[in-house]
Amino acid sequence: MNNVPPLDLTRQYAQIGDEITAAVQKVLASGGYVGGPAVKSFEREFADYIGVSECVGCNSGTDALILALRALKIGPGDEVITTPFTFFASAETISAVGATPVFVDIDSETFNLDVELLEAAITDKTKAIMPVHIFGQPVDMTRLMEIATRHNLAVIEDCAQSVGAEWQSRKVGSIGHVGCFSFYPTKNLGACGDGGAVTTNDPALAASMRVLKEHGQSSRYFYEEIGYNSRLDALQAVILSIKLRYLDSWNAQRQEKAALYSEFLSRVPGVAVPKELPEAKGVWNQYTIRLTSPEEAQNPSGDFRDWMRAQLQEAGIGSMVYYPLPLHLQPVYKSLGYAAGQLPKAEQVCREVLSLPMFPELSRDQQERTIYGLKDCLAKADRIR
């Protein structure tokens with residue numbers, strides 16, 4: 001019996017490989033591999049897709065966050081509020097520019113930043129809020145923008161996992177002051193390597209980021225500030241332009257898979273399915289459940305989730321854990337002074353989350369194998385208890 005992988009990029013390539021090969025060969029024959037019309041064309045297409053006036057292509061989603069922070073003049077002595085339940089880059093980039101990440105607990109049903117806790121975390125050092133649309137699910141941007149506007153704070157949307165997602169019919173990345181995207185291969189819009197972009201409606205911010213990503217030079221060999229070498233290359237740009245045409249269709253397939261998972265798993269004892277807010281249109285980069293064992297209150301190690309993952313693996317069903325340890329408890333942030341129990345929902349979620357197979361080409365048979373395999377493992381756990 002074939003295994004069910006958590007992700008399979010080969011099926012996507014099989015569908016559009018001929019288009020990609022032709023476009024890549026055209027770039028290779030041109031001799032123009034860095035910058036040029038291919039990059040400019042993708043930047044324009046992506047800006048139009050997100051619904052903004054400006055797009056700045058760069059090397060990665062991590063660099064996109066750094067460029068945004070730098071363009072907003074955030075640095076030493078400043079604080080940026082973000083979530084502890086996300087990939088490390090969200091906080092790492094804040095630290096990289098010399099600012100301090102301030103972590104606010106999450107909503108355990110959506111996995112996103114709990115916006116009702118934001119105002120209590122704002123100080124006179126706070127300069128920005130960085131909401132992360134985790135797993136492709138939009139944060140409540142209406143409430144967040146109200147708070148940010150009232151306190152005169154910049155908003156940097158971390159859209160690394162959420163390209164195409166919408167909040168009240170607006171694409172994420174068009175609501176805050178800047179939106180930061182990753183095109184890492186596992187993302188809904190993935191390159192064949194690294195890539196990223198920043199979107200904004202502020203031409204001055206875009207101009208600043210274009211300088212920063214080219215070593216800080218405003219014109220050739222004239223440097224205004226210390227910058228970076230962070231370019232989106234032409235090969236990745238043409239690949240992304242092709243894939244962008246398919247993105248909405250792929251996202252719709254993800255939404256169908258998520259709906260099927262939720263339909264079958266929502267009534268299964270011991271499983272909490274993810275919640276999608278009514279105003280949100282998620283794109284399901286991951287479909288992440290929580291495994292809520294009664295023993296977890298007495299056993300905070302996450303052993304039950306890890307046991308379940310191992311059982312699924314034995315049954316040929318792949319899964320992933322995003323993320324096993326919240327950022328405020330990471331060793332590198334020990335100096336910030338956070339203690340275990342301080343952000344309880346994020347800590348609990350990290351013990352319980354399990355991401356099931358999710359990609360557009362996932363078959364109905366594979367989904368059913370996953371669902372019934374999960375139920376079988378839960379039944380086995382009950383027998384062992």
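**Salt bridges, sheets and a surface patch**

At 40% relative accessibility, Arg 44 counts as partly exposed, since the partly exposed range lies between under 20% for buried and over 50% for exposed. The model in which this residue is seen is a predicted one. The side chain of Arg 44 meets that of Asp 48 in a salt bridge, with 3.0 Å from N to O. The two residues stand four apart in helix α2, and therefore about one helical turn separates them.

This pair belongs to a structure that holds 17 salt bridges. Another of them joins the side chains of Glu 119 and Arg 143, at 4.0 Å from N to O. Here the link connects distant parts of the chain, for Glu 119 lies in helix α5 (residues 118–121) and Arg 143 in helix α6 (residues 141–150), 24 residues apart. Both ends are partly exposed: Glu 119 has a relative accessible area of 31%, and Arg 143 has 22% relative accessibility. These two residues also take part in a network of salt bridges that includes Glu 116, Glu 146 and Arg 150.

A further salt bridge is formed by the side chains of Asp 306 and Arg 305, at 2.7 Å from N to O. In this case Asp 306 is partly exposed at 36% relative accessibility, whereas Arg 305 counts as buried at 4%.

The strands may be considered next. Three of them form an open sheet in the order β12-β14-β15, with antiparallel pairing. Its edges are β12 (271–272) and β15 (353–356), each of which pairs on one side only. Two bridges connect β12 with β14 (residues 287–291), and Ala 272 has Arg 290 of β14 as its bridge partner. Helix α9 (residues 247–265) packs on this sheet and touches β12, β14 and β15, its direction making about 20° with that of β14. Helix α10 (residues 303–314) lies across β14 and β15 and runs at about 25° to β15.

Elsewhere, strand β1 (residues 54–58) pairs with β9 (residues 196–200) in the antiparallel sense over five bridges, and Cys 55 stands opposite Thr 199 in β9. Strand β1 is mostly covered, with five of its five residues buried. Glu 54, Val 56 and Cys 58 point one way from the strand, while Cys 55 and Gly 57 point the other way.

Finally, the surface carries a nonpolar patch of about 280 Å², made by Leu 28, Tyr 33 and Val 34. Val 34 is found in the loop between α1 (9–30) and α2 (37–50). Its relative accessibility is 53%, so Val 34 counts as exposed.

Terms used. Residues numbered from 1 in each chain as written. Predicted model: local features only at pLDDT ≥ 70, side-chain atom pairs only at ≥ 80, totals over all residues. Heavy atoms only, no water. Patch = residues over 30% accessible without salt bridge, like charges linked within 9 Å, V, L, I, M, F, W, Y side chains within 5 Å. Areas by Shrake-Rupley, 256 points an atom, 1.4 Å probe, with all protein chains shown as cover. Buried < 20%, exposed > 50% of the residue type's maximum accessible area, 1.4 Å probe, protein only. Pairing = 2+ DSSP bridges. Contact = heavy atoms within 4.5 Å. Axes fitted to C-alpha atoms, helices over the stretch in contact; angles between N-to-C directions.
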